[in-house]
Amino acid sequence: MPVDRKVGTTEAMRILLVEDDLNLAQFIRKGLKEEQYAVDFAADGQQGLELALLNPYDLLILDIMLPKLDGLTICRRVRAKGNATPVLLLTARNTVEDKVSGFDTGADQFLTKPFAFAELLARVRALLRRGGPQQLVHLKAADLELDPASHRVWRAGQEITLTNKEYALLEFLLRNKNRVLTRTAIIEHVWDISYDPMTNIVDAHIKALRAKVDRDFSPPLIATVRGAGYMLEESEAIA
Amino acid sequence: MKSLRSVISQSALLLMGGLLLVFSVLIYVGGDALLHRFIDGRLLGLAETLATIVERHPDIIENSGDDHTLAAEVTRNENQRHELHEVTHSLMVFSPDGRVVWKGPEAVAQHPAPDETVFERARRGITVFETVESADGKPIRHLFLPIPRQGQVRYVLHAEASMLLYQETLKGFVILLILGSGAVLLIAWIGSGWLAKKVLTPIEVLSTGAETMSEADLGKRLTLDSPYQEFHRLTQAFNSVMDRFQRSGESQLTFCDLAAHEMQTPLTILQGNLEVALLKARTSEEYREALINNLEQVGQLITLTRSLLTLAKFTSGKPPVHLVPLALEPMIQDMVDELTLLADDRKITLSFESQTVPAVLGDTQWLKLALINLLDNALHYTPSGGAVTVRLQAVGEEVVVSVEDTGHGIEPEHLPHLFERFYRTDWARAKDSGGTGLGLPIVKEIAEAHGGSISVTSQVNKGSIFTLCVPAPTHQTVSV
């Protein structure tokens with residue numbers, strides 16, 4: 001089994017991914033590595049458990065249904081060894097029972113397939129944040145600045161007051177700078193509910209956010225990506 | 001396996017036979033006792049009368065007067081005289097040591113002669129009854145009655161009566177009982193067979209009918225020609241199960257069909273986009289654009305899948321709701337606050353009118369989903385300048401949330417289907433208006449999983465009111 005390691009930076013967060021679907025594993029590994037995480041990978045539960053007990057990880061991402069040993073069991077065994085590494089469970093079954101038994105085993109977060117990569121990243125960041133203060137650094141794009149600790153936002157040094165939803169939306173956009181976010185992903189993350197809006201609820205909130213963040217400033221940061229969704233664009237970052 | 005028919009017949013016969021046996025034994029024993037009592041009573045009655053006379057007029061015996069004198073002396077009326085006559089002419093009087101001191105004209109010496117033990121007991125003042133067969137084999141009932149005088153047994157009076165009548169009566173009884181029992185058992189056997197047939201024939205008809213139903217023939221229903229309501233209930237119950245089975249089978253088919261259809265469009269676009277993008281070498285900007293185009297389609301597929309999973313969760317077995325006492329007012333207020341932005345954007349007045357209501361038993365996450373679907377729906381169908389009003393009130397044991405809009409309303413023919421999966425009032429515009437067509441069905445499942453309901457009233461060009469009812473046990477109070 002391949003064991004990937006983000007080489008070089010010693011500060012790189014080390015994540016163990018245990019997932020038997022190789023296509024899914026490939027895109028998660030690729031995406032996480034591009035976000036500067038070091039990713040180890042195991043394709044079955046047995047190997048996953050061995051790696052989890054062998055190396056100090058900052059986060060475990062476990063699929064629930066795995067060959068040899070399921071994700072819940074890995075989670076339980078790791079916890080039984082007194083290991084408090086955050087665990088993110090990936091599940092195809094979005095049932096309450098799963099969630100209950102998952103939390104019983106000491107898992108910290110759940111993500112139901114199919115998920116948007118932006119959502120996976122958001123969960124990963126949220127879990128890693130507990131491990132250290134580095135996730136609480138200010139988020140920036142051009143002259144827009146957001147402080148996750150105090151929930152305050154500034155543009156060109158001028159403080160902007162946002163509603164809770166607007167703030168959550170902006171933070172999601174900022175954390176996924178230069179990445180296209182679909183309306184589906186935005187609804188699921190910002191509203192924390194999976195439903196299919198008939199209305200343009202997302203667009204209405206983007207409009208309101210733009211009025212506060214973009215209208216009186218230049219350049220506009222929140223871009224509409226036709227046929228897909230929205231993106232917070234920091235122009236020089238686009239290669 | 002045992003046949004119910006033979007079990008019914010056997011049970012009926014056994015039960016009847018048992019009852020008849022007990023009945024016959026009781027009749028026989030009771031009849032025997034009654035007859036004995038009757039004969040003995042009669043003998044004793046007469047003997048005692050005679051004994052009184054003998055006691056009063058010992059000279060009758062001592063002078064060896066004839067029986068006529070005795071009978072005449074004793075009786076005052078003709079009937080009794082006749083009866084006495086029969087007894088007295090076989091009457092004998094013994095001395096305590098067994099010697100005959102007087103006898104009636106027709107009295108014959110007893111064969112065999114009375115036992116010495118009889119006299120021994122009589123001497124002690126005990127009245128003795130015994131049945132002895134006479135020389136010609138006829139059973140005779142004998143009575144020895146001691147007649148005391150001055151504290152001593154002076155004579156022993158002997159009377160006898162034929163037991164022939166008694167014996168014949170008992171014999172008749174037995175014959176009657178046997179014949180009667182036989183007849184009753186025969187009737188019971190025939191009757192139980194008839195009853196079993198009556199009960200079992202319709203069941204056999206139903207079984208045969210059910211057996212001949214095949215999977216391909218779900219439309220077939222059982223018919224039964226029986227005047228009994230029990231069988232009609234069974235038939236109806238079976239048929240209604242079949243109805244539901246057929247409907248669910250059909251709706252399953254329709255559901256799969258519709259779900260596949262919903263997926264076809266985004267999948268076709270996805271495939272087309274990808275194929276076109278790969279037709280020739282392109283700049284990275286072009287690739288980027290092609291990939292971005294696909295995101296929306298994938299988003300639609302994900303939303304559809306999530307909705308299908310949600311429905312599946314509610315329809316397969318136990319609904320996934322975790323009920324806790326819940327205050328709806330703040331939840332709705334939050335939601336309305338959030339959606340005000342959207343309403344303002346569309347120039348719709350969104351207002352919330354709330355009464356003080358008790359806490360409902362609900363699942364926060366699911367009720368939120370139900371309410372946001374209703375509100376989203378109302379906002380979507382309300383034109384600019386209209387109004388959406390959310391009302392919260394307590395009605396009896398329920399908390400009622402109604403969402404009223406001033407939209408174009410829904411034509412009456414659509415109303416009954418509004419909560420069906422993938423149902424759309426306007427198929428042509430479905431593409432533009434978005435939505436999977438699963439929003440309202442999900443609301444319905446959520447309402448029902450809470451033991452509540454969802455209903456709608458609508459007037460074309462005036463608007464619609466969706467009403468969600470959630471049970472609120474009265475002992476719960478709002479604790480915010």
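Over which residues of chain A does pLDDT stay under 50? Before we get there, a word on what you are looking at. This is a predicted model, in which local features need pLDDT of at least 70, side-chain atom pairs count only at pLDDT 80 or more, and totals for chains, interfaces and linings use all residues. Residues are numbered from 1 along each chain as its sequence is written, while chains are lettered from A in the order in which they are written.

The stretch in question is residues 1-10 of chain A, where pLDDT is the predictor's confidence in each residue, from 0 to 100. The model has 18 contacts beyond four places in sequence for residues 1-10 of chain A, a contact being two residues whose C-beta atoms, placed from the backbone, lie within 7 Å. Where pLDDT is low, the predicted coordinates should not be read in detail. For chain A, the mean pLDDT is 82, and 86% of its residues reach 70 or more.

Now let's turn to where the chains meet. Chain B brings 31 residues to the contact and chain A brings 25 residues. On the chain B side, α8 (284-315), α9 (328-345) and α10 (364-381) each give two or more residues; helices here are DSSP runs of H or I, at least four residues, numbered from the N terminus. The top contributor is α8(B), with 12 residues.
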